[in-house]
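Here's a quick briefing to read with the model open in your viewer.

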Amino acid sequence: MTNILVVADIKQGELKGSTAELLSKARALGADTAVVAVGGQVKDLADQLAAAGSDTQFIVEDASLEIFSANPFAAAVVKAANEFNADMVWFGFSETGKAAAPRVAVQLEAACATEIIDVTIDGDAVQIIRPAIANKVLQKVKVNTPKLVAVVRAGAFEADPEIAGKENVVALDPPETDTGAKIKELISDASGEIDLTDADIVVSVGRGAKDQTGVDMVKALADDLAAGFGSSRAMVDAGLMAHNKQVGQTGKIVAPSLYIAVGISGAIQHLAGMNGSKVILAVNKDPEAPIFNVADFGIVGDLFDVVPLLKEEIKKIRA
Amino acid sequence: MKILTTVKKVVDVELNIHVENGAILDKGLQYVINAWDENAVEAAVQLKESHKADTTLVSLGSGDNTDIIRKCYAMGIDNAIHIDDPALAKADSPTFARVLQKVYEAGDYDLVITGKQAQDTDAGQAGIMLAQFLNIPCVSNVIKIEVTDDSHIQVSRLGDAGTEILDVTLPAVITVSDGINEPRLPAMRGIMMAKKKKINVMDLAGLGTSFEDVGGTAPTSEIVEFMPTEKRKGGQKFEGEPAEVTAKVVDLLVNEAKVL
């Protein structure tokens, strides 16, 4: 039997959807499941973590863990992994996961695989599948170590609503880690904004929107749809959008039900971040824009005409 | 301050990649400097200009890396090392990190700056593992570096909850995002000077180690096969009167795709 420890993906006190997705997959593989929640106030999430599919909930709660710091976070995960005798540790696709996974892997003497989209277990043989080269190829990777630490790409697995675990809370002491990288300040994301990586609908704005007025207009569409609001790199470079809104190989990987690309031509790096979306709608005035090669639905037109009309039509159907 | 930066030569992701019989075909491939490494080099050169840092570049891998190293020289890097060993062709991230550890230990550096990932593997592990092996601090996905004093820097990183500002004790490893800077285009004078500069090329034995010593003979994982990614196909594209087209598409999103 394989023991899979899932690291709870918690943002601003809320459990993100990826945790249930990972636990569902772990159970589908026939594994014993546990979850580790690390943070300032995570105890109260235990019942949600059980409902999401874990049979044991390791809780590492301490005021010092309120703001993410990679070393103590990784040390807490290692502690839970050892406690659970985990064969695998799975992180959701987040900056937390990407920063912590290699540290955890070194400490557990485990193989480390980031951005995986599938994993198979056949007796002792473990193989993973992951995209590479800006999503142009897939790699099949054989794991040679008894343990594997993996970061799972957003949207790779689906949560099974039928799956539930049982509550078995194990409190662990926070690790004593001397970190040479101390958090002085956190400039928090604007509260109330929909998390891009967790959103069911994402609206992204590109160079076609030109300036702040264009950005605001597209943002209003995102607000109407209660969607995450993202951007191409061009808008970040132009200073019109924040770095953490960038969707693409270098930024956020998203996998919503609906991705609406407004005024985005479709550079390969951008496509690498959003081609896991179920349905893509593109709005662009250039009929030859590469985004139309991947979009399920395309509107060739000036976004300044089309976006207000989209808002109007959506209002009608939601009325 | 002594700074070590790393650069990797990677396939140009803009071009088509052909996969046949589980391997990437060599046809039509072109190689470029990893974009995030270029950000790392720019960050190092900026620290050289503002704080008189001494900058060394290391490139790992087999084959001719002269062009990318000359580019970094032209940007302003002081010294360059190329660990050119055919054994590294199939190395995994921990092995690369162990080689970097050997380079680091030979050079008494204060700060290592790497790109946050390589655009061929997209793994993002080697820099963080290097710090773990050296037991020194590491901050990843950094968008700003400021020198506080001889033994501290302040960095900003993009985290999940927002921008985190950290005080980092040196020596440390920093992995940078493309948001940190806009890599400079080297001036002609720099390009001419770069041509004359020496590249210190050595194999693993020259570095005082061996493939076995850096864990290469017992990789934690191995790529057994490459497969082409299933390509999305373009669907329905509508041109015409915006109001009509928009109403039609919203109807399709509601009734056909069922995503609204």
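Helices (H or I, at least four residues) and strands (E, at least two) are DSSP runs, numbered from the N terminus. With that in hand, A:Asn135 sits in the loop between β9 and β10 of chain A. This is a predicted model, where local features need pLDDT of at least 70 and side-chain atom pairs count only at pLDDT 80 or more, while totals for chains, interfaces and linings use all residues. Residues are numbered from 1 along each chain as its sequence is written, chains are lettered from A and ligands numbered from 1 in the order in which they are written, and side-chain values use heavy atoms, leaving out hydrogens and water.

**A sheet that spans both chains**

- Four strands make an open, antiparallel sheet in the order β8(A)-β9(A)-β10(A)-β14(B); two strands pair if DSSP finds at least two bridges between them.
- The edges are β8 (118-122) of chain A and β14 (221-228) of chain B, each with a single partner strand, so one side of each has no neighbour in the sheet.
- From one strand to the next, the twist averages 20° (axes are lines fitted to C-alpha atoms, for helices over the stretch in contact, and angles run from 0 to 180 degrees between N-to-C directions).
- β8(A) and β9(A) (residues 125-132) run antiparallel and are joined by five bridges; A:Thr120 partners A:Gln127, and A:Asp122 partners A:Ala125.
- Those two strands form a hairpin with two residues between them, and A:Gly123 in the turn has a positive phi of about 65°.
- β9(A) also pairs antiparallel with β10(A) (residues 137-143), over seven bridges, with A:Ile129 facing A:Lys140 as bridge partner.
- This second hairpin has four residues between its strands, and A:Ile133 in the turn shows a positive phi of about 50°.
- Six of the eight residues of β9(A) are buried, so the rest of the structure largely encloses this strand; buried means under 20% relative accessible area, exposed over 50%, and partly exposed in between (1.4 Å probe, protein chains only).

**The A/B interface**

- Chain A puts 85 residues into the contact and chain B puts in 78 residues, where contact means heavy atoms within 4.5 Å.
- About 6,900 Å² is buried between the two chains, with carbon and sulfur atoms giving 57% of it; buried area is the accessible area (1.4 Å probe) that two parts lose on being put together, summed over both.
- A:Ile133, A:Lys136 and A:Phe297 supply 10% of the area chain A buries against chain B, more than any other three residues.

**Nonpolar cores**

- The largest nonpolar core has 64 residues, and those with the most contacts inside it include A:Leu5, A:Val77, A:Phe91 and B:Ile83. A core here is a set of buried Ala, Val, Leu, Ile, Met, Phe, Trp, Tyr and Cys residues joined through side-chain atoms within 4.5 Å.
- Helix α3 (residues 70-84) of chain A gives the most to this core, at nine residues.
- Beyond its neighbours within four places in sequence, A:Val77 touches A:Leu5, A:Val7, A:Val36, A:Val38, A:Val89, A:Phe91 and A:Val104.
- Another core, of 36 residues, lies apart from that one; B:Ile68, B:Ile145, B:Ala172 and B:Ala194 are among its members.

**Chain B overall**

- Chain B comes to six helices and 15 strands, and its C-alpha atoms fill a box of roughly 65 × 45 × 40 Å along the principal axes.
- Of its 260 residues, 53% count as buried.
- Helix α1(B) (residues 35-51) has 17 residues and reaches 24 Å from first to last C-alpha, close to the expected 24 Å (1.5 Å times one less than its number of residues).
- Buried residues in α1(B) include B:Trp36, B:Val41 and B:Leu47, and just after this helix B:Lys52 takes a positive phi of about 55°.

**Backbone spots to check**

- A cis peptide bond joins B:Leu170 and B:Pro171, with omega about 0°; B:Pro171 is in the loop between β11 (162-169) and β12 (172-176) of chain B.
- A:Asn135 is not a glycine, yet has a positive phi of about 70°; at 11% relative accessibility, A:Asn135 counts as buried.
- B:Lys258, in the segment after α6 (242-255) of chain B, also has a positive phi, near 55°, but counts as exposed at 62% relative accessibility.
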